[in-house]
Amino acid sequence: QVQLVESGGGLVQAGGSLRLSCAASGRTFNSYDVAWFRQAPGKEREFLAAIAFNGGNSVLADSVKGRFAISRDNAKNMVVLQMNSLKLEDTAIYYCAAGFRPTIRLGVGREDYDYWGQGTQVTVSS
């Protein structure tokens with residue numbers, strides 16, 4: 001089983017940057033695809049980015065392309081979401097998720113991921 005803990009959230013001014021980390025435990029972590037989602041108040045959980053188990057494939061939601069980047073360091077059991085040029089609408093709770101997928105295609109839905117972190121709050125101010 002995989003356990004995930006997000007960190008790095010906080011308050012940031014619009015236009016600024018934050019680096020979110022997803023720390024994983026479990027020897028099988030390197031076999032899982034990992035994704036980032038976010039959920040703003042009153043809204044559905046939104047897919048942001050995903051990266052394959054070996055880091056060889058990744059995908060970003062259109063809403064964050066050019067601003068966010070996802071990477072992983074399996075040696076450190078870590079997945080990172082680098083967020084730049086933050087906007088007010090980026091304010092949300094950000095979640096890390098992991099799932100085993102027997103396909104090369106990365107999932108973009110909540111149902112594609114089995115393990116979830118507790119979330120970390122990101123607040124962007126004007």
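**Strands, core and rings**

User: How many bridges join strand 7 to strand 8?
Analyst: Six, and the two strands run antiparallel. Strands here are DSSP runs (E, at least two residues), numbered from the N terminus, and two strands pair if DSSP finds at least two bridges between them. This is a predicted model, where local features need pLDDT of at least 70, side-chain atom pairs count only at pLDDT 80 or more, and totals for chains, interfaces and linings use all residues. Residues are numbered from 1 along each chain as its sequence is written, and side-chain values use heavy atoms, with hydrogens and water left out.

User: What is the bridge partner of arginine 72 in strand 8?
Analyst: Valine 79. Contacts of valine 79 (heavy atoms within 4.5 Å) include Trp36, Ile51 and Ile70, not counting residues up to four places away in sequence.

User: And the sheet, what order are the strands in?
Analyst: The order is 1-3-8-7, an open sheet of four strands with antiparallel pairing. Strand 1 (3–7) and strand 7 are the edge strands, each pairing on one side only.

User: Switching to rings. Which residues form the aromatic cluster?
Analyst: Phe37, Phe47, Tyr113 and Trp116. Rings of Phe, Tyr and Trp (its six-membered ring) pair if their centres lie within 6.5 Å; planes under 30 degrees apart count as stacked, over 60 as edge-to-face and the rest as tilted.

User: Where does the charged end of arginine 45 sit?
Analyst: Over the ring of tryptophan 116, 5.1 Å from its centre. The criterion is NZ of Lys or CZ of Arg within 6 Å of the ring centre and within 35 degrees of the ring normal. Arginine 110 also has its charged end over the tryptophan 116 ring, 5.8 Å from the centre.
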